[in-house]
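Please find below a colleague's note for a reader who is meeting this structure for the first time. The points are numbered and can be read beside the model.

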Amino acid sequence: MVIGYAPGGSADAGIRPLARVLEPLLGQPLIIENKPGNAGGVAMEFIAKAPADGYTLYYFDSGPLTVAPHLNKVGYHNVDSFTQLGHVCGSGSLLVVHPSTPFKSMADVIAASKREPAKWSYGTSGVGGPHHLSGEYFKSVTGANLLHIPYKGGGPAMTDLMGGQLPMLFSSLGPAVGAVRGGKIRALAVTSLMRSAAFPDVPTMDELGLKGFDSTAWYGLLGPAGLPAEVVARWTQALARAGTDKAGMDAINATGCDAEILTPARTVERIKADFAKWGRVVREASIRAE
């Protein structure tokens with residue numbers, strides 16, 4: 001089971017509880033192999049060329065399929081190069097602010113950014129990532145006037161937010177849990193359509209008036225194109241059964257990624273819909289790869 005990032009990140013956190021549920025269903029262990037590089041793109045190209053036997057798969061995040069092709073030339077087709085096995089979990093971004101700011105609500109952020117357009121900025125883990133896209137999508141639908149400050153990862157961005165050097169941040173959910181509970185930062189909204197299990201008291205942007213607002217990065221399982229039907233059936237049946245394992249799904253939820261097992265067909269539909277949406281955001285915001 002290939003992961004496109006270094007150990008210790010959200011992909012690593014998500015695959016481990018899933019593997020614990022899948023291994024007894026499959027009757028064999030899952031060997032996790034990290035292939036970091038190019039925001040998941042190195043692993044994606046590796047899987048596109050892997051043997052189509054079901055023994056080399058990818059626990060992937062949606063970015064290389066729905067965003068990266070709009071930013072760079074990639075060595076794969078986002079649908080045709082792969083066999084989708086299913087969506088596993090999704091996570092929106094979390095809009096968080098430093099307590100010293102005047103922001104008590106999402107509406108406060110929008111109003112202040114329009115009133116003082118040169119004053120306010122937001123940070124993210126980097127250009128073209130899911131949180132940058134959340135921020136630009138937010139700006140496009142609200143008219144908020146915010147300067148994007150990209151960091152080399154979510155960790156440094158969170159450090160500057162907690163230190164007061166940054167007024168607000170579109171963040172991953174998992175790393176923000178402790179800081180929010182400790183009162184070091186204030187959570188205003190999540191960008192997913194449903195509230196997050198990790199932040200049940202934080203409203204969605206949809207609830208706050210931005211109807212239909214959905215900016216979610218998500219994970220799933222895929223293999224190279226041409227997986228045999230019996231291999232696909234074995235994996236999809238195992239995934240479906242895993243979805244009924246409450247303890248396993250709760251363990252995934254605890255990582256900040258809300259578990260939702262979807263069929264291959266619905267997973268492909270989601271890839272196509274997100275690809276179209278993020279293409280519009282990338283064009284309208286003139287986002288360029290670093």
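**Notes on a helix, a pocket and a strand**

1. In helix H11, Thr267, Arg270, Ile271, Asp274, Lys277, Trp278, Gly279, Val281 and Val282 are buried, where buried means under 20% relative accessible area with a 1.4 Å probe and protein chains only. Helices (H or I, at least four residues) and strands (E, at least two) are DSSP runs, numbered from the N terminus.

2. This is a predicted model, in which local features need pLDDT of at least 70 and side-chain atom pairs count only at pLDDT 80 or more, while totals for chains, interfaces and linings use all residues. Residues are numbered from 1 along each chain as its sequence is written, and side-chain values use heavy atoms, with hydrogens and water left out.

3. The 22 residues of H11 (264–285) should span 32 Å at 1.5 Å a residue, and the end C-alpha atoms are 31 Å apart, which agrees; the expected span is 1.5 Å times one less than the number of residues. Just after H11, Ser286 takes a positive phi of about 55°.

4. Among the elements against which the buried residues of H11 pack are helix H6 (130–142) and strand E4 (82–92).

5. The lining of the second largest pocket comprises 16 residues, with Met194, Asp214, Thr216, Glu260 and Arg270 nearest its centre. E4, E11 and H11 each give two or more residues to this lining.

6. From strand E6 (residues 121–124), Ser121 and Gly123 point one way and Tyr122 and Thr124 the other, and all are buried.

Definitions and conventions
Buried means under 20% relative accessible area, exposed over 50%, partly exposed in between (1.4 Å probe, protein chains only). Contact means heavy atoms within 4.5 Å. On a 1 Å grid over the protein atoms alone, a cavity is a set of points where a 1.4 Å probe fits but cannot get out, and a pocket is an open set with protein on both sides within 12 Å along at least five of seven lines; lining residues have an atom within 4 Å of a point.
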